[in-house]
Amino acid sequence: MTLHATEPAAAADAVLDREETISRDELEALQLSRLQHTVAYAYDRVPLYKRKFDEAGVHPTDLRELADLGKFPFTTKEDLRLEYPFGMFAVPQHEVARIHASSGTTGRATVVGYTKKDLADWAKLVARSLRASGVRPGMKVHNAYGYGLFTGGMGAHAGAEALGCTVIPISGGQTERQITLIQDFKPDAILATPTYLLTIADAMMKQGIDPASTSLKYAVLGAEPWTEEMRHELETTMNIKACDIYGLSEVMGPGVAGEAVETQDGSHIWEDHFRPEIIDAFDPTKVLGDGEHGELVFTSLTKEALPIIRYRTKDLTRLLPGTARPAHRRMGRITGRSDDMIILRGVNLFPSQIEEIALRIPELSPHFQLELTRPEGQRMDQLTVKIERRESVSAEVVASAAKVLQQQIKIHVGSSCTVNVVEPGSLERSNGKLRRTYDMRPKA
C-alpha cells in the first residue's frame, strides 16, 4: 500500500504530555495517590459507594497499596440504572457542566455527568489519543460519531479542538452527504465506527468514487469491537492508517485508551487517569495477571462528577506491556463483550470471530449477519451466517467460499452452522454501531 504524503512516522515528532513519558514507577506512585483520594472521595460523597463499601466490610483507609483495590466491591451498569438519574453524582447539580446518557434501549438509561474540570481532562485525553494515532494540529477532522447524549460525537469533537484541529461535525448517518463533504472539504482524518467507515467506502464505490483517492490519511475508529482483518480491509480500500480508540460512557467516553500509529499494536490505556484490572469473567473474585484474558475493569483516578470504582465493562481483553508509551499498559484487541457472547450448543462464540475468519476468504465481504433459530420441534439451536459476496465475484463461484467459511467456523469456533451467501448490498449497513446478531429463538 502506498501511503499519502503525511507518513505515520511523523508521530514521533509530536510533543507528548509529561505523563506519557514518566517511568512506570512514577506512574504507579501517581496512581496510588490518586486512587486513595478517589476511593475516599466516592465513599464520602456517593451514598451507593458508602453502602457498598460498608456491606463489603472495607473502608477507604484499607487501600494502602495498588493491590488493595481488589478488596473493594465492583460497580455495574445495574448500579447506575438503580441510581437513575443523578444518584451517582458526587457534586451538587450546579457544578455539573454537562450530562450524557445511554440510549436506554434495554432498560433505564445510564446517566453520566461532568464538571468543567472533567470536560477539560476528557478533551485532553481524546487529544492525546488522536495525536498518538497520527492526527496533528491544523489537520481537518471529519467527525462521523453521533452527537447528542451519546458521548462519542461531542467527546471526539472537544478532543480534536483541544489538539488544534479544524473539526467538521457531520455526526452519523446521511452517508451521501458524508461523501460530498469528504470530497469538497478534503479532511485529513476521519473519526467513526469501523463498520460505518466501511459503509462510507462501499457507498463511494457505488458512486464510482475510488475510496483510496480521497484526502483522508488517518482514521480513528472505536465504539465497537473490530479485528485486524477489518483494519487491513479499511486500510487497503481507503489508503489510510486506521487506529483504535477506546472508551465507554460510564468511565468517561472515548479517549480512555488510544492506539499509536507507529506500532498499531493495541490501545495504550492512559493510566494517569484510569486504573485497569482484568478479572476472570466466570469468577470475578479472581484478579488476573498481565497477559491473561478476561473482563476489563476500570477505576477512575481524577473524575469529579462521577467517580467510578471497579466498573465491570463486560469487554473481554488482556493487559500487555506498553510499547510506544512504555509506562502505560496496552489493551489487547477486544474479542467481544460478555453480553454479546452467543452460546450455541454449549460453545461460546462472538461476532468478531466470524469477522476474523470471513475476511480471510477473498470471495466474501465484511458484511454479514448472524441468525439464531430453533426450528419447531427441535431441541438444538441453529446458526445461520448470512454474508455478502464481493462485487467482483460471480454468484457461481461463491459456493466453494461458503463451504470454506463453514469448515473454518467449525475448526476455529467449534460449532456447526449454515452459510448463506447473499447478493452485494442486500444486508443492513451501519449508520453508527452495527447490529450483527439476530436472535429469533423462542423466548422461554
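Arg-24 counts as partly exposed because its relative accessibility is 22%. Here buried means under 20% relative accessible area, exposed means over 50%, and partly exposed lies in between (1.4 Å probe, protein chains only). Glu-28, at 29% relative accessibility, also counts as partly exposed. Arg-24 and Glu-28 form a salt bridge, and their closest N and O atoms are 3.1 Å apart. A salt bridge is a side-chain nitrogen of Lys or Arg within 4 Å of a carboxyl oxygen of Asp or Glu. Both residues sit in helix α2 (residues 24–45), four residues apart, about one turn of the helix. Helices (H or I, at least four residues) and strands (E, at least two) are DSSP runs, numbered from the N terminus.

This is a predicted model, where local features need pLDDT of at least 70 and side-chain atom pairs count only at pLDDT 80 or more, while totals for chains, interfaces and linings use all residues. Residues are numbered from 1 along each chain as its sequence is written, and side-chain values use heavy atoms, with hydrogens and water left out.

## Salt bridges across the chain

Side chains of opposite charge can pair when their charged atoms come close. The whole structure holds 36 salt bridges. One of them joins Lys-217 to Asp-188, with the closest N and O atoms 2.7 Å apart. Lys-217 lies in the loop between α8 (194–206) and β6 (218–221), and Asp-188 in the loop between α7 (175–185) and β5 (189–192), so the pair ties together parts that are 29 residues apart in sequence. Lys-217 is buried, at 15% relative accessibility. Asp-188 is buried too, with a relative accessible area of 14%.

Glu-355 and Arg-436 also meet in a salt bridge (3.1 Å, N to O). This pair links distant parts of the chain, 81 residues apart: Glu-355 is in helix α10 (residues 351–358), and Arg-436 is in the loop between β21 (418–422) and β22 (437–439). Glu-355 and Arg-436 are both buried. Elsewhere, salt bridges with shared partners join Asp-17, Glu-20, Arg-128, Arg-131, Glu-262, Asp-272 and Arg-325 into one network.

## Two helix pairs

How do α5 and α6 pack? Helix α5 (residues 116–132) and helix α6 (residues 151–163) cross at an angle of about 75 degrees, and their axes are 7 Å apart. Axes are lines fitted to C-alpha atoms, for helices over the stretch in contact, and angles run from 0 to 180 degrees between N-to-C directions. That makes α5 roughly perpendicular to α6. The scale is simple: under 35 degrees is roughly parallel, over 145 roughly antiparallel, 65 to 115 roughly perpendicular, and the rest oblique. The contact of α5 with α6 has ten nonpolar, three polar and one charged residues. Ala, Val, Leu, Ile, Met, Phe, Trp, Tyr, Cys and Pro count as nonpolar, Asp, Glu, Lys and Arg as charged, and the others, Gly among them, as polar.

Helices α7 and α8 also pack at about 75 degrees, with axes 10 Å apart. So α7 is roughly perpendicular to α8.

## A four-stranded sheet

Four strands form an open sheet of mixed pairing, in the order β21-β20-β19-β22. Strands pair if DSSP finds at least two bridges between them. β21 and β22 stand at the edges with a single partner strand each, so one side of each has no neighbour in the sheet. From one strand to the next, the twist averages 20 degrees.

Strand β19 (residues 364–373) and β22 run parallel over three bridges. Leu-370 has Thr-437 in β22 as its bridge partner.
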